[in-house]
Amino acid sequence: MSVLLIAEHNNKELKSFTLNAITAASQIDQDLHVLLMGHNADNVAKSLSEVPLVKKVLHMDNEIYENYIAENYTSGILKHAEKYSHIVCSANTFGKNLMPRIAALLDISQVSDIIKVIAPDTFLRPIYAGNAFATVKSNDNKKCITIRPTSFEAAETTGGTAEIEKVDAAEKNENTKFVSREEIKSDRPELGTARIVISGGRGLQSGENFKLITDVADKLNAAIGASRAAVDAGYITNEHQVGQTGKVVVPDLYIAVGISGAIQHLAGMKESKVIVAINKDGEAPIFSVADYGLEADLFEALPQFLEELNKLNTIQK
Amino acid sequence: MKILVAVKRVIDYNVQIRVKEDGSGVVTDNVKMSTNPPDDNAIEEAVKIKEAGKASEIVAVTVGEEKAQETVRKALAVGADRGIHVKVDSALEPLAVSKILKKIVEKENPDLVFMGKQAIDDDCNQTGQMLAAHLNWPQATFASKIEVKEKSLEVTREVDEGLETIEVNTPAIVTCDLRLNEPRYASLPNIMKAKKKPIEQISASDLGVDTSSRIEHIKIEEPPKRKAGIKVASVEELVQKLKNEAKVI
């Protein structure tokens, strides 16, 4: 057995979720190879080779991999698929888009979004927005798996000396072209990996009022999340959405403000270690998962919260 | 231009899921069923494109048990022209569904296939991409905006970092995000009219497709419950608890 993991990166650095996926992949089998497809991404190859859990880095360098196009990635990955018992990547928009295309061409029934490796062929995965957990066994000869990154620790990044092997690119797919990317740059911690997340919902009533959230986020060095309702209403952009069809977060502290707690939102945050809910409706479902619930008007509570935080001598960052 | 839209019947998104005691699955008897929410967005988008004069026909297809036909009927009521119901006896894995859909695409020759990005029951997020692979068509997943051009689509995709725009030549597969549009409700006259629209029934076994299950469900269980929390009386108390009890700030 050996595992091939597909790396996600931006040609300059590795995306952090790849490190979580590496941990999960190494639990399937220690013989873990990582395939890096990119353009002028030598630095990424080098940093992958330094990850102790990685045994080998396959580096496919070509301009067709500069932007991530699933069709181009797929043909490159299929050139190497034969040698591996498992092909894996993270279950974020990168891996969700890519892996089924590979699995279908290998005639494999993919196992999506695993949260635990029980055996090399048996995995735990959430279904129904995390309202049930399924233990599933794949009977295909080869497995295609996506990994929920927040369910695994990030792998160590130093001390490894894996070999980097340059491999040839595959043919270009002419039917899909990259046009543009609107990436919102932020100095805040990333939503998926932040230690503290503070999220706003429809209760905020406007985009301007999200400033109440950002002020607290600044103080706590927290990432900012949002319910789907808040994103749909245009208060904040889509990359902040937490939930079944958004991002899944597992921070040490999750603060839900003005969020009622629809099943779809709970799916994205209920594994957080400590949950705080601030909502003026005492019957809101969010209180059923909250460790600390504060029934209050957020427009009064948030400024007070900031004030109380300012009084503290120290705040963990 | 012809658009094929795939829809799935799932437990309604508002229903609290209950796991069966024997660990074999979740309770579906006497539970409200609906169209998978992003599949409604897929139908809506197809109808909007047709209303804009850029499509001539919309065909709604589902793969499912007898009652899955209701999902096709609903699609007809909001603007699809005709339906196809591929009958199966039990739930299939996305790989099998994608193989069935490939057969339907070969029969119908659509220029576009739309479907929701993910079904809210198994949360697999696979079928659209798998169908694209089988057909060797381009895929535009998680679409929040679609612009129809001469022989291509410009699609804005919701990705982790924000938004990404790609151009795909037709024929193509698009999987739809909930933010793509606001699905309309069917009016009563349209519901009545939909009853007269044709739904072709096909048995999956007649399509000559391998639909065997590759994944064994060993156990379905409830997720671990969180221990009950407390209500705090004031912001001050909240901050003290977070600092001294939970020790997270």
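**Helices, sheet and chain contacts**

Reply: Helix H1 (residues 37-51) of chain B lies across strand S1 (2-7), strand S4 (57-64), strand S6 (112-116), S7 and S10 of chain B, and runs at about 145° to S6(B). Helices (H or I, at least four residues) and strands (E, at least two) are DSSP runs, numbered from the N terminus. Axes are lines fitted to C-alpha atoms, for helices over the stretch in contact, and angles run from 0 to 180 degrees between N-to-C directions. This is a predicted model: local features need pLDDT of at least 70, side-chain atom pairs count only at pLDDT 80 or more, and totals for chains, interfaces and linings use all residues. Residues are numbered from 1 along each chain as its sequence is written, while chains are lettered from A and ligands numbered from 1 in the order in which they are written.

Me: What does H4(B) lie across?

Reply: H4(B) lies across S6, S7 and S10 of chain B, at about 85° to S7(B).

Me: And the sheet, what's the strand order?

Reply: The order is S11(A)-S9(B)-S8(B)-S7(B)-S10(B)-S6(B)-S1(B)-S4(B)-S5(B)-S11(B), an open sheet of 10 strands with mixed pairing. Two strands pair if DSSP finds at least two bridges between them. S11 of chain A and strand S11 (199-203) of chain B stand at the edges with a single partner strand each, so one side of each has no neighbour in the sheet. Neighbouring strands are turned by 30° against each other on average, direction ignored.

Me: How many bridges join S11 of chain A to S9(B)?

Reply: 7 bridges, and the two strands run antiparallel. Thr176(A) stands opposite Val168(B), and Phe178(A) has Ile166(B) as its bridge partner.

Me: How many residues are in contact between the chains?

Reply: 63 residues of chain B are in contact with 70 residues of chain A, where contact means C-beta atoms, placed from the backbone, within 7 Å. S9(B) gives the most to chain B's side, with 8 residues. That side divides into 29 nonpolar, 13 polar and 21 charged residues. Ala, Val, Leu, Ile, Met, Phe, Trp, Tyr, Cys and Pro count as nonpolar, Asp, Glu, Lys and Arg as charged, and the others, Gly among them, as polar.

Me: Switching to chain A, what are its domains?

Reply: Domain 1 (3-167) and domain 2 (196-311), with bounds that come from an automatic or database domain assignment. Their C-alpha centres lie 31 Å apart. 5 residues of domain 1 are in contact with 8 residues of domain 2.

Me: How many helices and strands in chain A?

Reply: 8 helices and 16 strands. Along its principal axes the C-alpha trace of chain A spans about 60 × 40 × 40 Å.

Me: Is Ala129(A) buried or exposed?

Reply: Ala129(A) counts as buried, with 22 C-beta neighbours inside 10 Å. A residue is buried if 20 or more other C-beta atoms lie within 10 Å of its own, exposed if 12 or fewer, and partly exposed in between, with C-beta atoms placed from the backbone. Gln205(A), not a glycine, has a positive phi of about 75°, and is partly exposed with 16 other C-beta atoms within 10 Å.

Me: And which peptide bond is cis?

Reply: The one from Thr170(B) to Pro171(B), with omega near 0°. Pro171(B) is in the loop between strand S9 (162-169) and strand S10 (172-176) of chain B.

How values were computed: Two residues are in contact if their C-beta atoms, placed from the backbone, lie within 7 Å.
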